[in-house]
Structures are given as structure tokens and as C-alpha cells.
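Student: I have a model open and would like to go through one chain of it. Can we take it piece by piece?

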Amino acid sequence: MRVVEKRQLLSAVEISRTLQRLAHEIVEKSSGTKDLALIGVRRRGVTLAERLAKLIRDFSQVDVPVGTLDIALYRDDLSTISSHPLLQGTEINFPVDDRDLVIVDDVLFTGRTIRAAINGLFDLGRPRRIRLCVLIDRGHRELPIEASFIGRTVQTTDTEVIEVRLQEMDSEERVMLVDRVD
Amino acid sequence: MLQRLSHLLGTESLSHEQILFLLDQAKPFQEFQRYPLKKLATLRGKTVAIAFFESSTRTRISFTTAAARLGADTMALQAESSSLKKGESLIDTVRTLEAMRPDGIVIRHPSSGAPAFVAERLEIPVLNAGDGTHEHPTQALLDALTIRDRKGKLEEWNITILGDILHSRVARSNIHLLSKFDTRITLGGPAMWVPRELEKMAPNLRVTHRIEDALEGADVVMVLRVQTERIHEPSLAADEYIAGYQLTPARLRLARPDALVLHPGPIVRGLEIDSAVADGPQSGVLEQVTNGLAVRMALLYHLIGGAPTDAPHPAKDRSNAAD
């Protein structure tokens with residue numbers, strides 16, 4: 001099984017501009033940053049959440065806390081996969097009660113990851129509100145989940161895959177649309 | 001490539017990498033014990049048979065709680081060991097279990113090798129919760145996790161195990177595990193409970209019958225209880241044991257100043273250990289209990305679950321599903 005790149009969706013510069021815009025949107029659409037916190041999902045969501053927090057700090061001098069959520073324990077497919085995914089750990093060093101949380105992830109697809117993330121957050125307490133920020137919304141929702149902050153909406157087919165490459169973990173910075181070819 | 005575990009029968013057969021993997025995977029479950037809501041749906045719909053053929057409260061409760069917190073159901077099987085005949089009854093038990101179709105079995109048995117016997121006959125994961133004098137792998141894993149957390153690493157320590165080593169599956173599992181890391185192990189106790197032959201178990205392992213010698217320079221001191229139920233020969237009188245081998249504050253001072261004191265439990269205060277030591281700042285006894293839950297949850301999570309066949313994940317081709 002190979003992947004074939006179809007087209008680039010975001011260059012490094014475009015990712016940066018998109019995150020700037022998202023950071024501003026989050027602050028504008030939150031009633032004050034006092035209770036605001038960002039929760040990054042799995043690996044790339046965490047990197048994006050940290051970048052957003054840094055951008056917010058740069059233009060507003062406010063330190064929005066960032067937490068990391070590992071959703072492995074909350075997945076809905078655990079009884080169908082042959083071995084359980086590695087746990088990377090949840091690290092949320094602030095209480096979740098009454099917080100205005102924004103879940104941050106790279107790609108929104110079926111919505112199952114976000115459903116698992118919401119379950120994970122409810123195990124920690126009772127947030128006042130949970131919204132979602134994603135770099136790419138690729139459609140094909142299987143659950144009634146929506147993002148409040150979207151970098152870019154892209155139409156995709158079932159076999160296509162969105163690859164997000166971030167400097168911190170992939171040594172390059174871009175978002176591509178690829179096809180899986182057997 | 002880490003070899004995937006199908007059972008946990010002992011620490012002797014685990015590789016260095018597998019042990020580190022299990023300790024790392026226990027970390028999120030340590031965090032989990034602090035959550036307000038300690039209930040996951042991760043193993044929902046799975047049944048774990050908790051088959052204890054030997055009395056135990058702590059280990060049984062620990063495994064049962066671990067399974068329940070993961071959302072699994074448990075089947076509690078307890079049998080009086082006095083009514084068991086070796087071999088034959090175990091086969092019958094295996095057949096009964098098979099008929100009830102659990103997804104995994106946690107077994108404690110007075111016969112060494114019983115979990116391996118069961119593992120050969122059932123196609124479900126088997127976790128050894130203690131078999132005869134052979135192994136108690138989850139105890140060794142939680143001890144290792146406690147050492148790593150309290151001392152910062154698992155390597156380069158002088159580790160002393162005190163007490164009735166000969167009859168101790170806890171000691172054996174710990175020796176097998178710790179000797180895979182760069183440690184120096186000292187076994188200390190009365191000669192009849194700590195025979196010289198034990199030195200053959202691992203390199204960098206020595207036996208001594210003087211407690212002062214055993215404790216000097218120790219970074220970790222594991223105190224075993226005196227297992228009266230296992231002893232068939234005339235044993236030491238309690239006050240002789242206390243005089244010769246009890247871990248008192250004075251004796252603990254022979255060890256390194258920041259030495260960690262561990263005990264698998266249950267503690268018999270005033271026998272193998274003085275209360276002041278058991279409750280003192282160097283004691284890791286309570287963390288051992290919490291770490292036991294975390295280790296057992298990590299094991300149940302990784303061993304139990306997954307499709308009965310090796311069918312590929314139905315959504316395998318969608319890489320934008322969770323990593």
C-alpha cells in the first residue's frame with residue numbers, strides 16, 4: 001500500500017497565517033480569557049495547541065494553559081482492533097471544572113476522536129463549555145460533532161487522506177492531500 | 001520490535017524492553033487513580049475471571065478493582081486449597097472456565113506452574129497473580145515502578161531483599177526482574193531460608209546471613225514477611241527472628257540515608273519490620289499499593305481486548321482516525 005500525493009493544501013507560511021487567525025478568533029469569541037484553556041489531542045493536536053497558546057500570549061500577554069489528552073482509553077473501536085494502542089498519557093495540570101475548554105486537533109474527520117476526547121474530559125470534571133478548533137475539516141462526519149474554529153475546510157473522498165506535517169515532529173511543515181493506492 | 005505479550009506468567013521470561021514498556025504504560029494509570037471519576041469504558045463488555053485458589057485479599061481486590069475501573073466485568077472464583085487435589089482438579093477447573101468464556105483469567109494457585117498449565121489449555125490471556133513459590137510477576141513490576149519513581153531510575157542500585165527468600169515467589173520475581181537491569185542484589189536472612197544455592201539465580205547476587213552485612217550500603221531494602229503457611233520444617237521462634245532480622249530504625253541507618261523501604265504486604269508490625277520504619281519517610285509501602293493498581297490496569301488493558309481473530313481493523317485505511 002502506497003501513498004501518492006495529490007496536492008498540497010497548506011504551505012508552511014499558510015499554516016502559520018492560519019494559526020494566527022485561529023488564535024485571534026479563539027480570543028475574540030471567548031468571553032474573556034480568564035477561564036480559557038486549550039486541550040491538545042494526541043500528538044499533533046498538542047503541538048498545535050502549544051503554538052496557539054504561544055500566539056495568544058504574544059498578542060494579548062495572557063497565558064492560556066495547555067493540557068494534553070490521550071484518547072486511547074476512550075476509543076470506540078477497542079474491541080475490534082487486535083492489539084491495544086500504546087498509551088501516551090493525559091496531562092492536564094489544572095482543574096477542568098467550570099473551564100472554557102477548546103479541544104485542538106489537526107484534522108476533523110468522522111468525529112469519533114473528538115467524541116472520545118469529550119468523554120475523557122468529562123472523566124476529569126465538569127467544564128463550563130467545550131469547543132473545537134481544527135486545522136482541517138475534511139467532512140465525512142459519522143457523529144453530530146462540529147468545530148467552532150476551522151483552519152480550512154476541504155472536500156475529500158473516502159480513500160483520500162490528509163497528511164499534516166509539523167516541524168516539531170516531522171522536520172517539515174506542510175499539509176497535503178494524499179491518496180492510498182494498493 | 002517489541003514482542004507482544006499473550007500472557008503474563010512470570011518476570012523471568014520478560015525482556016528488558018518488555019519490562020520498560022509495561023512500566024511506561026502503567027504511568028497513565030497512576031495518573032488515573034487521581035481522577036474524580038475512576039471509571040473507563042475501555043474494556044466494556046469484557047469479562048475477566050479472577051480465579052484465586054489461595055487466600056488473598058489485597059491482590060484479589062487490586063485485580064478486581066483494576067478490571068472494574070477499566071469497565072470490565074469480573075467473575076470471582078474462589079476455591080479452598082485444602083479440597084484441591086493437584087492436577088486433576090485443575091483440569092476440571094480449566095474446563096469449567098472454558099465453558100464460561102471469559103476474555104482473560106487472573107489466577108493465583110498454591111502449585112508452582114499452575115498458570116502455565118492453564119495458559120497451555122485456554123486460548124485466552126492468563127495473568128499469574130502468584131503461583132506456589134514460583135513467581136508473582138505483578139508484584140515485581142509494581143516494586144520496580146515504585147523504585148523507578150522514588151529513586152529516579154531502576155539501574156545501578158544496591159538492592160537488599162530480607163527474609164524468607166526460599167519460600168518467596170515475590171523474591172524470585174523481583175530477582176528475575178531486577179537482574180535484567182544493572183543492579184547488585186543481596187539476599188539476607190536466616191541460613192535455612194536463604195541457602196547459598198540462591199546465588200546461582202543471577203550474576204551480581206550474593207547471600208548473607210547477617211543483617212548488618214545485608215543492609216550496609218543498600219539503596220533499596222525489600223522486606224518480606226515470614227510466611228508461616230509455607231513452612232513445613234521447624235522454624236525460627238518469632239523472638240529469635242526479631243532479634244536477628246527485624247528491620248529497625250537503627251538497622252535501617254546502616255543502609256544509605258535515602259534508602260527506599262518496600263514490603264509486599266501484609267505487614268506484620270513488630271515481626272519482620274518495626275512500625276517506625278513501616279510508617280517512616282523512607283517507606284514506599286502505600287505507593288506500592290497504588291502502583292499495583294496502575295500496573296494491573298496496564299496489563300489488563302494490553303492483554304485483554306482486541307478481536308478474537310487477527311482480523312484487520314475495519315477502519316484501518318483511514319489514517320485520520322486516532323493514531
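Student: How many residues of strand β4 (residues 126-131) of chain B are buried?
Tutor: This is a predicted model, in which local features need pLDDT of at least 70, side-chain atom pairs count only at pLDDT 80 or more, and totals for chains, interfaces and linings use all residues. Residues are numbered from 1 along each chain as its sequence is written, and chains are lettered from A and ligands numbered from 1 in the order in which they are written. A residue is buried if 20 or more other C-beta atoms, placed from the backbone, lie within 10 Å of its own. In β4(B), a strand that is mostly covered, the number buried is 6 of 6.

Student: Which residue is the bridge partner of Ile105(B) in β4(B)?
Tutor: Strands are DSSP runs of E, at least two residues long, numbered from the N terminus, and helices are runs of H or I, at least four. Two strands pair if DSSP finds at least two bridges between them; β3 (residues 104-109) of chain B and β4(B) have 4, in the parallel sense. The partner of Ile105(B) is Val126(B).

Student: Which helix does the chain pass through from β3(B) to β4(B)?
Tutor: This β-α-β crossover is right-handed: with the strands pointing away from the viewer, the path from the first strand over the helix to the second runs clockwise. The helix, residues 114-121 of chain B, is α4.

Student: Which strands are at the edges of the open sheet of 5 strands in chain B?
Tutor: The order is β7-β6-β5-β8-β9, with parallel pairing. An edge strand pairs on one side only. In chain B these are β7 (205-208) and β9 (260-262).

Student: Which residue of β7(B) stands opposite Thr186(B)?
Tutor: Strand β6 (residues 184-188) of chain B pairs with β7(B) in the parallel sense over 4 bridges. Opposite Thr186(B) stands Arg206(B).

Student: What angle does helix α6 (residues 169-178) of chain B make with β5(B)?
Tutor: Axes are lines fitted to C-alpha atoms, for helices over the stretch in contact, and angles run from 0 to 180 degrees between N-to-C directions. Contact needs C-beta atoms, placed from the backbone, within 7 Å. Helix α6(B) lies across β5 (158-162), β6, β7 and β8 of chain B, and its angle to β5(B) is about 165°.

Student: What is the average pLDDT of chain B?
Tutor: pLDDT is the predictor's confidence in each residue, from 0 to 100. In chain B, 88% of the residues score at least 70, and the average is 88.

Definitions and conventions: Contact = placed C-beta atoms within 7 Å. Buried ≥ 20, exposed ≤ 12 C-beta atoms within 10 Å, placed from the backbone.
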